[in-house]
Amino acid sequence: MNKIIGKTLILLATISLAPLSMAETVQKPLMLRAETNAANMEMVIKDNFIKAKYASADNRFLQGNVKASYDDFADLISRAVHDDYVFLVYGMKMAEYGFFDLSDRLINKLDNNLFTQNYAKDIRKFYYPTGMVNSKDTIYLADAYASIVYNNLAIETTSELLNSTQAAESDYKNYLIALGFYKSNNLPQALKYINNAIIENDTNVNYKILKTKILADSNKSKQALKVLAEIKKTEFLTVDFQEKIRAVEEYVEYKVAKDEPLKDYHLSYYYHLQEKSLLATKVLQSAILQAKQYAPQIFALLGKIYYDNNEALKAQEFAQRAFKEDNRNYLAALTLADLSFDERKYEDALKYYKTAKKLTKNTAPSVGIAKTYLALEQDKKSKKLYEKLLKKHASDEDLLIGSLMVFPQRADDYLARIASVDISNNEIWLGLANQAIKDKNYSMAETYLNNSYYIDENNFKYYYYLSVVLRAKGDIEKSNQSLVRCSILNSDYAANINPGHSIYEE
């Protein structure tokens, strides 16, 4: 999770909700249906069973035991009670593996709300073929995918796919043949078959991503960039899929770059976006020795990577070196702004955010300026800027979170919007739980906590909110047990709160 988001939500958790003015519209809270709830220990056991079942299915797939994996996933679907969050997380993974029928079965069970709509659209837009095949063909094609991607059998699997008439009507089969040729470094044949897949299904973004990589690896830079530009026109609302597009963008830039240090820069950025930050820093540290010409870019990216990994001292060192050599480096300016804000050096933060704003069309510097005005007690400036930004960027995650410091009465609406674009942001589910507790809607709080439990069952705030819910339901013994668990995980937090109260009521 972005470091700024976490810090903003910690600040949010310390404020009280302001009353609604007459001019403001009350937004309907995000209502998710989940027949499980983590406040019921029997349900926790069932949740853990489902998580274990999922882990087994996932592990079997990676090992190439695809039929058993399919059966495990199918069994999981039949056993799992309704939970929109779980259905979306697992539906996304099943689509990635090519179990489209199972993915669709889960997605079709979802309740129709903002949270589910965004993810359902993005999953289908990114992964789905034009039509479903029968379960036998689904397993056959998924087995081919596992063999190519995870079991180093690209050549053998591609030959098998070419010589088989099974699933011949599926555009996904052409994609897999292209993927097999690509992994075997037979780029002309890979391009031929990915073009076949796209002719059959020209809306599938995953197919276009493979074509972009094939063209980039074939030194067809202009064509690769053209397809990339087409991909970037496709609107994805959710963070998961936006990051996939950003990653392929850096991969193509890595391939088309001429100078080795610049290639290393983009390759490192690609690794970082793939959450391989250690590998990214190793590549960059090697690149530093190759050419001083790109030193500011390399230092700036190192600063960002260290900042995102909560290594403030290293982030400061490299961002300052980058900015000293090139005071028009956006990444360095933004990192120094974020670091200054974290250290409560608000005048410095404002200066760096304003510098960064001049160098980009991204919203991040403007959001930084707005929150810094607020920290400097320039409330009118902050509110005016947030209002202006919200009119243009209604689904921007950082913007929505930051604006809650100015418009806390919009929490029901904004927290729901954030959940609809970033399913894995645990702080949002905890924030929604806290909001539901404030409203004494303990059933909804349980649902939000259930989602938090799936993301991180060892989050200390989860156990505090759980203790509040249990106390409200009259189960004092279990409430105290949860509070003890919270204290074990974070004694400072537990020492500063009142048992049985929403932090909004502190």
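**Close-up views of a predicted model**

**Ser467 counts as buried, at 1% relative accessibility.** Buried means under 20% relative accessible area, exposed over 50%, and partly exposed in between (1.4 Å probe, protein chains only). This is a predicted model: local features need pLDDT of at least 70, side-chain atom pairs count only at pLDDT 80 or more, and totals for chains, interfaces and linings use all residues. Residues are numbered from 1 along each chain as its sequence is written, and side-chain values use heavy atoms, without hydrogens and water. Ser467 sits in helix 26. Helices (H or I, at least four residues) and strands (E, at least two) are DSSP runs, numbered from the N terminus. Apart from neighbours within four places in sequence, Ser467 contacts Ser479, Ser482 and Leu483. Contact means heavy atoms within 4.5 Å.

**Helix 26 packs against helix 27.** Helix 26 covers residues 460-472, and helix 27 covers residues 476-489. Their angle is about 165°, and their axes are 8 Å apart. Helix 26 is therefore roughly antiparallel to helix 27. (Axes are lines fitted to C-alpha atoms, over the stretch in contact; angles run from 0 to 180 degrees between N-to-C directions. Under 35 degrees is roughly parallel, over 145 roughly antiparallel, 65 to 115 roughly perpendicular, the rest oblique.) On the helix 26 side, look for Phe460, Tyr463, Tyr464, Leu466, Ser467, Leu470 and Arg471. They meet residues of helix 27, including Ile476, Leu483, Cys486 and Leu489. By class, this contact has 9 nonpolar, 4 polar and 3 charged residues. (Ala, Val, Leu, Ile, Met, Phe, Trp, Tyr, Cys and Pro count as nonpolar, Asp, Glu, Lys and Arg as charged, the others, Gly among them, as polar.)

**Helix 12 packs against helix 13.** Helix 12 holds residues 221-232, and helix 13 holds residues 239-256. The angle is about 165°, with the axes 10 Å apart. So these two helices are roughly antiparallel to each other. Helix 12 brings Ser221, Ala224, Leu225, Leu228, Ile231 and Lys232 to the contact. Helix 13 brings Ile245, Val248, Glu249, Val252, Glu253 and Val256. Together they give 8 nonpolar, 1 polar and 3 charged residues.

**Val205 belongs to helix 11, residues 205-217.** Val205 is buried, with a relative accessible area of 2%. Leaving out neighbours within four places in sequence, it contacts Lys125, Phe126, Ile231, Thr234, Phe236 and Ile245. Val205 and Tyr127 are 78 residues apart in sequence, yet their C-alpha atoms lie 7.0 Å apart in space.

**Phe99 is a member of the largest nonpolar core.** Such a core is a set of buried Ala, Val, Leu, Ile, Met, Phe, Trp, Tyr and Cys residues joined through side-chain atoms within 4.5 Å. Not counting residues up to four places away in sequence, Phe99 touches Phe61, Val66, Ser69, Tyr70, Phe73, Met94, Thr138 and Ala142.

**Ala167 has a positive phi, though it is not a glycine.** Its phi is about 60°. Ala167 lies in the loop between helix 8 (154-163) and helix 9 (171-183). It is buried, at 3% relative accessible area.

**Glu377 also has a positive phi, near 65°, and is not a glycine.** Find Glu377 in the loop between helix 20 (364-375) and helix 21 (379-392). At 70% relative accessibility, Glu377 counts as exposed.

**The protein chain has 28 helices and 0 strands.** Of its 506 residues, 55% are buried.
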